[in-house]
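Please keep the sequence and the structure in view while reading.

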Amino acid sequence: GILRAKPFKNSAPTLAMAIDSLRRQKVTKKPIADEIESHFKKAQQPLVMKACVRYFGDMLMKDKVKMLIQWVEAPQPANVNSGTNPPAAYWKRMWEIWNEIKETVWYALETITGKDLKTKRDWEKWTQTTEAKRMGID
């Protein structure tokens, strides 16, 4: 895809600028949106992730709401005592990423849904409402 080209491979700022350019041009073609989602899900570069979130919000991508809800609160293991958890360094890095993107996530969710909910649990409950389903969030 276009965002996997050589100039973007090792440059988070260049990739983020490309995503922001697509957002400003209002490019919403599914292959491009899917590619942007793929970059977001890699969860490696906060600069790139913020550009992805801005794209999702400004393009009013309702199909990305549930994915964004996972970043409303700091990531943490479901069971801290599980031996299958990634090491502490992983969780530290996820917290650092979350701390850099959280306000952009909150803004995108509010832009897409018109809602200003505070917790992941509240967002998850809201996605089950008739209002959310009528908006196409499922």
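## Terms and basis

A helix axis is a line fitted to C-alpha atoms over the stretch in contact, and angles between axes run from 0 to 180 degrees between N-to-C directions. Helices (H or I, at least four residues) and strands (E, at least two) are DSSP runs, numbered from the N terminus.

The model is predicted, with local features needing pLDDT of at least 70, side-chain atom pairs counting only at pLDDT 80 or more, and totals for chains, interfaces and linings using all residues. Residues are numbered from 1 along each chain as its sequence is written, and side-chain values use heavy atoms, with hydrogens and water left out.

## Helices H3 and H4

How do H3 and H4 lie relative to each other? Their axes come within 9 Å and cross at roughly 140°. H3 and H4 are therefore oblique to each other, since angles under 35 degrees count as roughly parallel, over 145 as roughly antiparallel, 65 to 115 as roughly perpendicular and the rest as oblique. The crossing of H3 past H4 is left-handed; a crossing has this name if the near helix is turned anticlockwise from the far one by less than a right angle, and is right-handed if clockwise.

On the side of H3, the contact (heavy atoms within 4.5 Å) is made by Ile32, Ala33, Ile36, Glu37, His39 and Phe40. H4 contributes Val48, Met49, Cys52, Val53, Tyr55 and Phe56. These residues divide into 10 nonpolar, one polar and one charged. In this classification, Ala, Val, Leu, Ile, Met, Phe, Trp, Tyr, Cys and Pro count as nonpolar, Asp, Glu, Lys and Arg as charged, and the others, Gly among them, as polar.

## Helices H4 and H6

The axes of H4 and H6 come within 8 Å and cross at roughly 10°, and the two helices are therefore roughly parallel to each other. H4 passes H6 in a right-handed crossing.

In H4, the residues that meet H6 are Pro46, Met49, Lys50, Val53, Arg54, Phe56, Gly57 and Asp58. Their counterparts in H6 are Arg93, Ile97, Glu100, Ile101, Thr104, Val105, Tyr107, Ala108, Thr111 and Ile112. By class, this contact of H4 with H6 has 10 nonpolar, three polar and five charged residues.

## Residues within helices

Leaving aside residues up to four places away in sequence, Glu37 touches Phe56, Lys64 and Met67.

Thr113 belongs to helix H6 (residues 88-113) and is buried, with a relative accessible area of 8%. A polar atom of its side chain lies 2.7 Å from the backbone oxygen of Leu109, and the backbone nitrogen of Lys115 lies 3.0 Å from a polar atom of the Thr113 side chain. Not counting residues up to four places away in sequence, Thr113 touches Val65, Trp123, Trp126, Met135 and Ile137.

Leu47 has its place in helix H4. Leu47 is partly exposed, with a relative accessible area of 43%, and touches Ala12, Pro13 and Ala16, again not counting residues up to four places away in sequence. Leu47 and Asp63 are 16 residues apart along the chain, and their C-alpha atoms are separated by 22 Å.

## Residues in loops

Most residues other than glycine have a negative phi. Lys26, although not a glycine, has a positive phi of about 60°. Lys26 is found in the loop between helix H2 (12-24) and H3 and is exposed, with a relative accessible area of 61%. Leu60 is not a glycine either, yet has a positive phi of about 50°. The loop that holds Leu60 runs between helix H4 (46-58) and helix H5 (65-69), and Leu60 is partly exposed at a relative accessible area of 45%.

Gln128 lies in the loop between helix H7 (120-127) and helix H8 (130-135). With a relative accessible area of 51%, Gln128 is exposed. The side chain of Gln128 makes a polar contact with the side chain of Thr127 (3.3 Å). A polar contact is a pair of N or O atoms within 3.5 Å; within protein, one must be able to donate a hydrogen and the other to accept it, and residues adjacent in sequence count only if both atoms are side-chain atoms.

Technical notes:
Buried < 20%, exposed > 50% of the residue type's maximum accessible area, 1.4 Å probe, protein only.
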